[in-house]
Amino acid sequence: MSITLAKRRVIPGFGLTMGFTLLYMGLVFLIPVGAFLLYTTTMSWETFWSAITQRQVVASYKLSFGGSLIAATINLVFGALVAWVLVRYRFPGRRVVDALVDLPFALPTAVAGIALVTLYASTGWVGQYLEIFGIRVAYTQLGVVVALTYIGLPFVVRTVQPVLEDLEAEWEEASASLGAGRLTTLRRVIFPALLPALLTGYALAFARALGEYGSVVFISGNLPFRTEITPLLIVSKAEQYDYHGAAAIGTVMLLAAFSMLLVINGLQWWAGRRHA
Amino acid sequence: MSTSLTATPPQDISSTRWRRATEEPAWIRLTLITLALTFVTLFLVLPLTVVLYGAFERGIGVWWAAVQDPDALSAIRLTLLIVAIVVPLNTVFGIAAAWAIAKFEFRGKPVLISLIDMPFAISPVVVGLIFVILFGSQGWLGPWLAAHDLRIIFAVPGIVIVIAFGTLPFIARELIPLMQQQGKEEEEASLTLGANGWKTFWYVTLPNIKWGLIYGVILCNARAMGEFGAVAVVSGRIRGETNTMPLHIEVLYNEYMFTAAFAVSSLLTGLALVTIIIKSMVEWQEERRQRIAAT
């Protein structure tokens with residue numbers, strides 16, 4: 001484009017918009033997050049360490065991290081499947097399914113929570129049939145996984161879908177004409193192209209599940225050492241005015257979230273490079 | 001498996017049912033569709049249905065009574081008041097951030113974009129905790145606030161700020177890629193022709209981003225009304241005072257008033273449905289625009 005335009009800024013408002021952006025972000029979350037981390041540093045190391053290593057807290061990490069990992073894995077498989085079916089096949093109701101995928105994103109988590117527990121309770125629409133096979137979902141760790149799967153569902157679908165749509169048919173045709181079967185093409189051509197998107201979606205679903213509260217606390221039953229997720233412990237400690245304990249665990253969760261954000265950014269950068 | 005197209009003689013193609021080498025056999029397609037639909041039914045359709053069924057199971061009269069209950073009405077009023085504050089703020093923020101990021105080049109842009117995403121990664125419970133520790137009675141600024149008779153935690157300002165925090169990225173995330181993709185030629189043309197900045201924004205930029213903005217605002221609104229974890233920490237759950245709709249739903253559910261809980265839920269579910277319908281409309285609009293542009 002024209003060089004003169006690039007040199008002199010024609011478009012006004014950089015100072016105003018940038019100023020407001022930084023001011024608003026600063027006031028609403030950067031300063032509060034910073035102050036929170038500062039508050040944690042005023043605790044002695046012993047207080048901090050004993051708060052984050054209580055047996056009940058450690059049990060909650062296992063459930064939160066383990067449950068999120070399992071839920072994200074389920075979403076990786078079924079999210080990829082749903083994305084594939086939505087992009088590649090035509091069937092009645094496809095548009096509706098496509099729109100519904102965003103539901104966990106738009107439906108309040110508390111509403112999802114009471115809906116899931118009602119469905120999966122031993123008298124519920126789904127729970128009563130699972131009961132026959134001796135499977136209990138509500139008020140068990142399995143229930144936590146169900147809620148976390150629900151909440152992470154949009155992420156893999158929505159990251160894989162656009163990549164799959166942009167995948168040129170030529171690659172698959174070339175692979176087929178070179179004698180590859182459908183499975184070989186899937187494994188050697190389609191899967192490598194989707195890998196960055198799959199991993200990004202996986203990481204996003206995991207990160208979202210890790211911090212989730214509303215949709216889990218109803219179906220989990222919150223039994224100490226068994227179905228307590230880490231965010232629940234933060235809430236109960238804050239309600240008992242144990243701010244040190246809550247802040248210590250909150251810092252662990254915050255650092256986990258930041259690490260996930262770094263991982264996700266790295267993955268997106270990798271995907272962008274692969275795409276270019 | 002039939003992999004080679006070229007090896008098949010032409011007469012065979014007309015006599016037998018054949019498929020392209022880049023397609024799966026019908027039975028595989030059917031199996032995959034069935035599996036995907038089962039998953040979607042279990043995790044999306046059934047939860048949605050159970051809410052609406054629970055809300056109207058005992059008739060529209062019972063639903064209406066539950067929605068008309070004074071505590072429910074007060075929760076609805078509070079929730080509307082909060083979104084009336086939060087959504088405009090986050091809208092201005094989203095537009096400002098997208099304008100700065102899409103129309104200008106500056107150092108650290110990727111960092112700024114990542115920072116805008118940050119609230120999305122933080123657990124809502126931690127968001128609530130951050131403000132309790134800052135402004136709570138036992139918190140850092142607690143004594144000072146108490147001395148000046150100001151209440152933030154267990155009061156409306158605290159709820160407003162945690163919801164603003166939690167929903168901060170939504171409009172910006174919609175607008176940034178949209179405005180980046182549209183570039184700045186049209187704005188430059190308008191400005192060169194003598195329009196001022198505000199006019200250019202109003203008549204050139206805004207019509208271009210209209211649909212993305214509408215979806216962003218609706219999504220931000222739905223998320224703000226439905227925010228639960230962060231509000232649960234800061235609100236104190238004072239009935240008729242600091243209970244938002246999701247907290248009221250929790251209270252009703254814990255008191256075994258399931259129909260009432262689902263009735264209030266059905267309002268938020270309707271809002272969620274409107275949100276995803278608008279998203280689909282925006283996407284169809286975009287698809288049509290691209291198809292027209294392609295021809």
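**View 1. The two domains of chain B.** Taken over C-alpha atoms, the centres of domain 1 of chain B and domain 2 of chain B are separated by 30 Å. The model is predicted, and local features need pLDDT of at least 70, side-chain atom pairs count only at pLDDT 80 or more, while totals for chains, interfaces and linings use all residues. Residues are numbered from 1 along each chain as its sequence is written, and chains are lettered from A and ligands numbered from 1 in the order in which they are written. Domain 1 of chain B covers 23–56 and domain 2 covers 60–294, with bounds that come from an automatic or database domain assignment. Six residues of domain 1 of chain B are in contact with nine residues of domain 2 of chain B, where contact means that the C-beta atoms of two residues, placed from the backbone, lie within 7 Å. On the side of domain 1 of chain B that touches domain 2 of chain B there are five nonpolar residues, one polar residue and no charged residues; Ala, Val, Leu, Ile, Met, Phe, Trp, Tyr, Cys and Pro count as nonpolar, Asp, Glu, Lys and Arg as charged, and the others, Gly among them, as polar.

**View 2. The fold and extent of chain B.** Chain B contains 14 helices and zero strands, both being DSSP runs numbered from the N terminus (helices are H or I, at least four residues; strands are E, at least two). The C-alpha trace of chain B spans about 90 × 60 × 35 Å along its principal axes. Its radius of gyration is 26 Å, whereas a compact globule of 295 residues would have a value near 19 Å; this radius is taken over C-alpha atoms, and the globule rule is 2.2 Å times the number of residues to the power 0.38.

**View 3. Helices α11 and α14 of chain B.** Helix α11 (residues 197–226) of chain B packs with helix α14 (residues 258–294) of chain B at an angle of about 160°, their axes lying 9 Å apart. Axes are lines fitted to C-alpha atoms, for helices over the stretch in contact, and angles run from 0 to 180 degrees between N-to-C directions. The two helices, α11(B) and α14(B), are therefore roughly antiparallel to each other, a term for angles over 145 degrees. The crossing of α11(B) past α14(B) is left-handed, meaning that the near helix is turned anticlockwise from the far one by less than a right angle. Among the residues that meet are B:Trp211, B:Ile214 and B:Tyr215 in α11(B) and B:Leu271, B:Val274 and B:Lys279 in α14(B). By class, the contact of α11(B) with α14(B) has 13 nonpolar, four polar and one charged.

**View 4. Helices α13 and α14 of chain B.** The axes of helix α13 (residues 245–254) of chain B and α14(B) cross at roughly 160° and come within 8 Å, and the two helices are therefore roughly antiparallel to each other. Here too the crossing is described as left-handed. Residues making this contact include B:His248 and B:Leu252 of α13(B) and B:Phe258 and B:Val264 of α14(B), and the contact comprises nine nonpolar, two polar and no charged residues.

**View 5. The contact of chain A with chain B.** This contact takes 78 residues from chain A and 82 residues from chain B. On the side of chain B that touches chain A, helix α2 (residues 26–56) of chain B supplies the largest share, 17 residues. That side of chain B divides into 57 nonpolar, 17 polar and eight charged residues.

How values were computed: Parallel < 35°, antiparallel > 145°, perpendicular 65-115°, else oblique.
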